Amino acid sequence: MSEVQILASVQQFMARQHGHFIDGQTIPAETSERIELINPATEQVVSTIAIATQNEVEKAVQSAYEAFHHAWANTPPYERGLKLNKLADLVEQHAEELAQLETLTTGKLINLARHLEVAQTIVFLRYFAGWATKIHGQTMQPSIPSMNGEKYTAYTLRQPVGVVAGIVPWNFSLMIGCWKIGSALTTGCTIVLKPSEFTTLSLLRLAELAIEAGIPAGVINVVTGKGETGQYLMNSPLVKKVSFTGSVPTGIAIGQQAMKNDLTRVSLELGGKNAAAILADANLDEILPTLLQATFVHQGQVCAAPERFFVHQSKYDEFTQKATAALQQFTMGSPLDEASMFGPLSNKPHFEKVKHYLDIANQKDQVICGGQTIQGTGYFVEPTLLKVQGTDDPLFIEETFGPVVDVIAFESDEELIRMINHSRFGLTASIWSNDLAKALRLIPQIEAGSVWVNMHTFLDPAVPFGGVKASGLGREFSDAFIDDYTELKSVMIRY
Ligand code: NDP
């Protein structure tokens with residue numbers, strides 16, 4: 001085993017007594033209570049973070065409010081774009097540092113942290129930077145009757161909503177945090193971020209880079225802590241929009257609270273029990289490497305990744321044999337070792353949750369391959385394929401958010417669609433086939449925010465992303481985010 005050398009800058013950052021990032025600087029915490037950040041591969045404490053009080057959260061929101069009114073909303077769009085691009089440049093310059101911080105706190109393979117998390121963070125920031133100069137209203141010609149020759153014209157303005165609360169999960173903190181930063185800053189909003197208690201460091205570091213990029217103090221703030229900190233944040237009366245990514249139960253509670261808080265705008269990117277449909281004509285040797293990579297990336301801790309494989313009856317046995325053989329080749333090891341293909345789960349509570357599902361599957365003899373946790377140090381589990389006992393089986397219904405996938409046989413297209421849609425979730429789905437006519441007929445029938453053909457789990461800033469049913473509310477990326485971060489003001493003029 002050969003692990004990458006931890007940079008001195010990473011060691012120094014982890015050794016700091018972190019506070020909150022408010023009004024352009026690190027503010028020491030008001031209380032002494034700390035949360036330990038654990039490396040999930042070694043179970044060792046790598047750093048600690050503070051728990052924000054309501055007072056600290058209010059200070060952060062106040063700072064974002066002042067920066068919105070006195071700096072950012074009035075900054076010319078071109079300049080906003082330049083500064084977001086400069087932030088992207090700095091992320092690029094500090095790529096290895098940010099990747100190592102992510103790997104040390106999430107167990108993400110170092111190559112995934114480098115080539116997906118950090119690389120895509122840069123792509124998304126530059127994409128959002130480009131939008132700054134392209135957000136506009138429209139002109140309209142009203143049809144109001146004219147009695148005395150008077151005329152009318154009308155136009156719309158798009159104005160930033162104000163202070164945004166960005167609540168971020170632990171699986172891709174830097175990238176998901178930057179989806180929220182990019183959307184907010186390009187439209188002229190300011191933001192207070194609440195990263196997950198498990199993976200806080202990369203966003204604290206990013207906030208410092210934002211100051212180096214010339215983004216004014218107060219435009220990006222970061223408060224750290226647990227769920228309660230997120231609650232203080234979303235309940236602040238100065239917060240005009242909540243952008244939340246996380247689990248369905250928390251998302252629903254946040255959505256309900258946002259409505260009670262005088263209809264605070266809210267967008268929710270939540271969980272999924274995503275389907276991959278492998279049709280009768282699929283060439284398994286061709287599709288399996290791509291399908292398995294898309295499924296087990298980051299140990300399956302990806303909201304968009306499949307958790308249910310629907311395989312045509314004629315291919316079921318071949319599929320389970322070949323998929324099992326391929327998964328047995330996954331080399332499990334330290335996420336800091338560039339040769340590892342599979343790392344640990346990101347934190348202990350999540351490991352316990354996945355273990356609970358594996359225990360049920362083992363008790364009921366439902367394991368096709370894998371199914372074990374690895375004895376010893378670290379939160380490692382095997383990549384797992386399961387049989388299910390019908391569509392009411394909890395393993396068919398509940399999101400595991402881990403490397404645990406059901407394999408279900410189907411005979412007809414009707415049965416396939418019925419089973420895919422038998423879920424409270426509707427985030428993503430994919431169809432694996434060269435029969436394009438059949439795929440085009442199936443796509444409209446699938447209840448999901450995104451459907452891929454011969455691919456899965458790919459997010460691109462140019463393509464809208466979000467869920468239907470309990471998987472979410474609203475869309476990110478493309479031009480779809482603009483509605484969520486701006487108010488549309490209508491102006492009518494009589495002359
Ligand atoms: P959680 O819902 O547990 O937490 C998400 C964030 O919300 C964390 O920062 C958490 O803080 C915070 N939080 C928890 N409780 C509250 C509360 N009552 N009020 C305000 N904030 C709160 O999700 P996870 O972090 O466990 O993430 C995994 C889930 O996220 C999975 O279900 C996954 O599918 C989903 N997800 C969805 C994505 C999408 O784009 N659709 C992308 C990525 C993940 P803390 O962690 O400190 O408790």
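Modeller: The model is predicted. The space in the largest pocket comes to about 940 Å³. Its lining is made up of 40 residues, and those closest to the centre are Trp170, Phe244, Gly246, Ser247 and Thr250. Helix 9 supplies the largest share, with 6 residues. Sorted by class, the lining of the largest pocket holds 18 nonpolar, 14 polar and 8 charged residues. As for its place, the largest pocket lies between domain 1 (8-270 + 472-492) and domain 2 (274-460), because both domains give residues to its lining.

The second largest pocket can be described in the same terms. About 790 Å³ of space lies in it. Of its 34 lining residues, Leu112, Leu116, Gln293, Ala294 and Val297 are the closest to the centre. Helix 5 (110-131), helix 6 (173-187) and helix 10 (284-296) are the elements that each give two or more residues to this lining. The largest share, 7 residues, is from helix 10. By class, the lining of the second largest pocket has 23 nonpolar and 11 polar residues, and no charged ones. Domain 1 (8-270 + 472-492) and domain 2 (274-460) each give at least three residues to the lining of the second largest pocket.

Methods: Residues are numbered from 1 along each chain as its sequence is written. This is a predicted model: local features need pLDDT of at least 70, side-chain atom pairs count only at pLDDT 80 or more; totals for chains, interfaces and linings use all residues. Side-chain values use heavy atoms; hydrogens and water are left out. On a 1 Å grid over the protein atoms alone, a cavity is a set of points where a 1.4 Å probe fits but cannot get out, and a pocket is an open set with protein on both sides within 12 Å along at least five of seven lines; lining residues have an atom within 4 Å of a point. Grid points are joined across faces, edges and corners, and a volume is the space filled by probe spheres set on the points. Helices (H or I, at least four residues) and strands (E, at least two) are DSSP runs, numbered from the N terminus. Ala, Val, Leu, Ile, Met, Phe, Trp, Tyr, Cys and Pro count as nonpolar, Asp, Glu, Lys and Arg as charged, and the others, Gly among them, as polar. Domain bounds come from an automatic or database domain assignment.
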